[in-house]
Amino acid sequence: MSASSIGSSPNRVGGIGRVSGLQEYVADVRLAGVLEAKLVTLDCARAKIISIDTSEAEQVPGVRLVMTAADLPQPMPRFGPQLEDRPVIAVDETKYHGEPVAIVAADTKDAAEEGARLVHVEYEELPAVFTLAAALDPDAPLVQDPSLRPKDPLASTNVLREHHVDWGDIEAAHADVVVENTYSFPIVTHFAIEPHAFIAAPDDNGIAVWSSIQHPYWLQRILAKLLDLPLSKVRVLAPDPGGAFGGKQHAKYEPLVAFAAIRAGRPVRLVLSLEQTFQAVRRAATEIRVRTGFTIDGKLAFQDIKADYLIGAYCDIADRVVGKGSYPGAGPYNVPAVRIFARSILSHTTPSTAFRGFGNPQVNWAVESNIDEGARVLGIDRLEIRLRNLARKGDPFIPFDTPADGDWEQTLRRAAEMIEWGKPLAPGHGRGIALGIKSGPTTGLSYSTVRLLADGSVAIYAGTSDMGQGARTIFAQIAAEELGAPLDAIRVVMGDTAIVPYDQQTSASRSTVLMGNSVLKACSSIQAQIRTMAARLHGIDESAITVERGVVRLPGRELRLMEVLKPGLGKLGGELIGNGETRKDGDADHPLGGAAAFFELNCTAVEAEVDEGTGDISIVRHVTVSDVGTAINRLQVQMQDEGAAIMGLGHTLMEHFIYDETGRIRNLGAIDYRIPTTMDLPLEMRSETIENADGPGPYGAKGMSEGALLCVAAATAAAVREATGVAIRDLPLTPERVWRALRERGGRANAGTNDDGES
Amino acid sequence: MRTFAYERPVSLADAVALLDSHGPSTRLLAGGTDLIIRLRDGSARPGMVIDVKRIPELCPEIRERDGVLTIGATTVMADLAANGLVRRHFEALAEAASVVGSVQIRNRATIAGNICNASPAADTAPPLLVYGAVVVAAGPHGSRRIPISEFFVRSGLTSLEPNELVVAIELPVPASLTGAVHLRRTRRRGHDLASVTLCCSVNEAGVTRLAYGSVGPKPVLEQDETHVLANPSAPDDAKQVVLERMFAEASPSKRSMRASPEYRMAMLRLLGSRAMRTAIERLAEKRGAQA
């Protein structure tokens with residue numbers, strides 16, 4: 001048998017195609033007679049659509065279809081993963097800048113673009129809200145029509161929903177020190193290198209839709225309902241996305257393109273520009289007020305957290321982000337009294353959606369920073385205060401949820417060691433350390449099929465989307481391990497709802513655990529069949545045979561799985577088929593609809609140097625340690641953590657949308673929306689894992705890949721605080737913002753003093 | 001992208017004739033790193049694009065003759081940054097060329113394109129001003145030589161006539177030892193548009209030249225005739241007064257989202273004093289090397 005690959009770093013399945021340009025993305029799919037589409041949008045956020053004149057556009061040579069709301073069923077069909085509030089195309093009114101009012105499909109992209117330019121829309125700009133303050137003003141225009149949520153007492157406000165999580169008694173809690181601050185987190189966007197792309201084509205009395213989507217089966221459900229088709233007649237093809245980060249979880253323009261294809265009677269493709277992806281997906285900006293109570297010995301007495309998330313014009317999955325993102329807001333600590341109050345606030349901006357970390361980085365930024373403030377007031381080392389409060393394995397740190405599922409102290413101590421916590425600092429340098437936690441999936445359902453073919457090679461059918469996280473490789477490693485097949489003899493089939501069995505979704509770092517277990521079960525089913533075969537072939541009772549990790553053990557000897565399979569299948573050959581299912585049912589009484597399958601726990605520590613003249617922050621060293629249970633593929637785990645850390649540095653140091661007074665994104669595009677390049681990386685970056693094989697996934701794995709983003713901001717700002725003496729509570733920490741804070745501080749004398757990190 | 005006529009003349013005369021007959025509706029294509037973006041986003045809609053890369057007189061070439069370095073119009077940033085003559089005599093220009101865009105951009109973007117685009121943030125503008133470059137332009141009436149200080153008019157506009165094009169840039173090799181440096185402010189370390197650019201040179205005669213960009217409609221050149229800046233024994237206060245006077249032309253935009261006027265002015269001053277220090281150090285090093 002081949003050596004085990006679990007815990008090593010075999011090459012990524014599909015990796016060559018991904019880096020060489022051979023991988024086929026939606027934009028590359030060749031289809032006969034496909035029309036290329038462009039969207040027509042208005043030059044402001046909220047406008048009343050008075051009339052749309054398509055006649056000139058229709059005259060452009062090559063233009064085959066110009067479609068507006070008038071060409072769609074009435075009333076306008078609406079959809080959404082949480083609320084069915086989003087129209088297929090803007091009807092009567094646009095609600096954010098970039099919302100399409102018409103779509104033009106033509107033989108070429110140039111003709112479509114020319115056609116789109118010649119669609120004349122008469123419109124009147126309407127008052128709109130783009131900030132929390134404006135949206136919460138009692139006189140603010142309503143973003144959502146109250147009739148969309150008739151029984152909701154909040155329907156006449158821009159508050160979509162309120163979320164409460166409480167335990168203990170805050171009012172009765174005794175605190176010697178109370179620290180209260182307000183923190184803000186900006187609007188940032190996913191910036192997947194592959195922009196969203198969609199194709200729809202009439203197919204077999206139904207429709208085929210290609211989309212770079214994370215949840216093909218959820219999309220299938222939404223399209224089936226909108227088009228009144230049976231699920232079997234909606235075929236969703238999901239080529240591996242070129243990055244997704246949550247921004248490709250849910251339907252965006254697939255319904256629009258599907259209606260266009262039906263109307264045109266031909267395939268229609270829409271590929272967004274990078275600018276249009278900015279207008280399609282983003283993270284919610286958040287303002288977080290935290291009041292933290294401490295006892296004199298540094299124990300957390302209470303956390304009182306109020307978080308307002310600025311979501312967009314339609315809900316998408318944003319309200320779930322608010323609920324689930326604020327829920328573990330008190331962190332991985334034992335806190336006797338907690339009150340979390342989070343609100344989803346609608347605005348006339350791009351609908352915010354899932355984004356790596358799912359609402360947690362915002363609250364984490366505030367709460368972890370506030371713990372540092374408390375440590376300073378109390379004169380307690382910032383590492384020490386975390387150690388004093390950290391939940392130990394089995395502690396019910398969130399009383400109604402899964403108890404602490406890891407030895408988290410190991411994670412914290414390892415990161416402290418790697419950053420050389422306590423070692424004297426060079427002048428102008430500072431260190432920060434922070435912990436991040438996120439609930440894994442609360443429900444899940446993943447089916448898989450594994451086929452062991454006559455020659456011992458394997459085909460795996462799994463509905464996960466491999467968007468770069470490496471899911472294909474993990475499933476292949478599991479099958480290789482269980483069935484004794486070489487990795488390069490394994491095919492992983494994904495991304496086609498007509499072929500691959502159902503999977504609920506690719507999100508919440510679930511796939512290694514949920515789909516991984518499903519694949520493991522499918523392999524176990526094949527192992528059981530091998531056992532029956534071996535019993536038949538060797539005339540031994542099944543109970544005397546075990547099959548494990550590619551090896552068949554008979555009394556007194558061991559066979560390779562192949563040595564049973566080949567004679568077992570006999571002359572006709574054939575194959576063995578195993579099915580797997582992982583089901584995690586919800587709990588209607590749980591605040592999140594279900595307890596966490598696992599927690600993602602990360603510790604990030606940063607050493608930074610600040611140029612006091614310019615406000616430039618240099619990250620001298622960045623360490624990130626994640627409790628992953630077991631790293632099935634070591635290099636992939638490292639790459640995920642490093643990628644998450646760098647993405648976190650984006651919102652920490654430079655990324656944010658800037659709006660103008662009409663709700664347009666001013667820095668729309670790569671020139672003025674800056675993400676970190678290789679030149680902006682920490683001078684030294686190291687990622688490590690804590691592995692105690694204590695996760696619920698295969699071989700003790702836990703989900704990972706979001707953790708290392710969660711607390712980058714808090715760790716970095718803490719390092720800046722120590723280096724300069726200034727606490728900045730608004731992100732990103734741009735040079736100009738740091739410079740301003742330094743100027744307000746004046747002088748340089750107090751930099752780094754009175755800081756426990758050095759004691 | 002909208003359709004346009006495409007011409008690729010192989011002689012300077014043909015290029016000038018095309019410009020002369022089609023004038024304002026033409027756009028010149030060299031590296032294309034600015035033009036192609038504008039063609040795609042629709043902000044440039046020329047009737048004709050004239051590709052100048054096949055014109056022998058504009059060829060990418062850097063040569064020195066009689067104390068003058070001549071840089072062909074289509075010389076790209078990467079070659080400029082790597083060229084030994086440029087690095088020896090015009091180190092700040094090499095530095096500026098080496099921070100334009102990314103590697104891919106520097107392999108395409110040309111020196112003539114960088115100045116003809118006339119962005120106030122053009123990285124090569126301050127060193128060209130400091131080194132006293134001369135722009136050689138060709139038109140229907142032959143060629144003329146325009147001092148770079150008269151070349152930039154305002155953002156997007158140069159003193160070239162619509163029927164003229166840049167053939168080459170000339171740089172007089174400094175007669176005395178010179179220390180110079182180019183500095184810039186960006187929002188990140190990776191490739192970015194500058195929110196302040198600044199070049200400073202100091203020569204043996206004690207003359208300091210300072211040019212800066214991205215803080216007004218065009219890059220500005222100043223010269224310290226008082227010799228105070230280059231004087232190591234002059235008090236800091238006196239130097240500050242001179243520097244302040246030199247920055248009087250700066251008028252950063254209030255509308256920019258890249259940096260506030262306040263921050264730009266503060267960074268201009270900071271870069272000014274940092275550049276002064278480095279230029280003096282470099283001059284001293286050269287003296288030392290010569291000694």
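Begin by selecting domain 1 and domain 2 of chain B, whose centres, taken over C-alpha atoms, are separated by 24 Å. Domain 1 spans 5-172 and domain 2 spans 178-290; these bounds come from an automatic or database domain assignment. The contact draws 21 residues from domain 1 of chain B and 21 residues from domain 2 of chain B, two residues being in contact if their C-beta atoms, placed from the backbone, lie within 7 Å.

The model is predicted: local features need pLDDT of at least 70 and side-chain atom pairs count only at pLDDT 80 or more, while totals for chains, interfaces and linings use all residues. Residues are numbered from 1 along each chain as its sequence is written, and chains are lettered from A and ligands numbered from 1 in the order in which they are written.

Next, colour α5 (91-97), α8 (125-130) and β8 (152-154) of chain B, the elements that give two or more residues to the side of domain 1 that touches domain 2. Helices (H or I, at least four residues) and strands (E, at least two) are DSSP runs, numbered from the N terminus. On this side of domain 1, α8(B) gives the most, with 5 residues. The residues of that side of domain 1 of chain B divide into 13 nonpolar, 4 polar and 4 charged. Here Ala, Val, Leu, Ile, Met, Phe, Trp, Tyr, Cys and Pro count as nonpolar, Asp, Glu, Lys and Arg as charged, and the others, Gly among them, as polar.

Move to chain A and select helix α13 (residues 514-538) with helix α14 (residues 561-569): they pack at an angle of about 70 degrees, their axes 9 Å apart. Axes are lines fitted to C-alpha atoms, for helices over the stretch in contact, and angles run from 0 to 180 degrees between N-to-C directions. This makes α13(A) roughly perpendicular to α14(A), a term for angles of 65 to 115 degrees. Show side chains for I530(A), M533(A), A534(A) and L537(A) in α13(A), which meet L561(A), V564(A), L565(A), P567(A) and G568(A) in α14(A). By class, this contact has 8 nonpolar, 1 polar and no charged residues.

Finally, display the open sheet of 4 strands in chain A, with the order β18-β26-β27-β28 and mixed pairing. Two strands pair if DSSP finds at least two bridges between them. β18 (429-439) and β28 (685-690) of chain A stand at the edges, each with a single partner strand, so one side of each lacks a neighbour in the sheet. Within the sheet, β26 (residues 599-610) and β27 (residues 617-627) of chain A run antiparallel and are joined by 10 bridges.

Conventions:
Angles under 35 degrees count as roughly parallel, over 145 as roughly antiparallel, 65 to 115 as roughly perpendicular and the rest as oblique.
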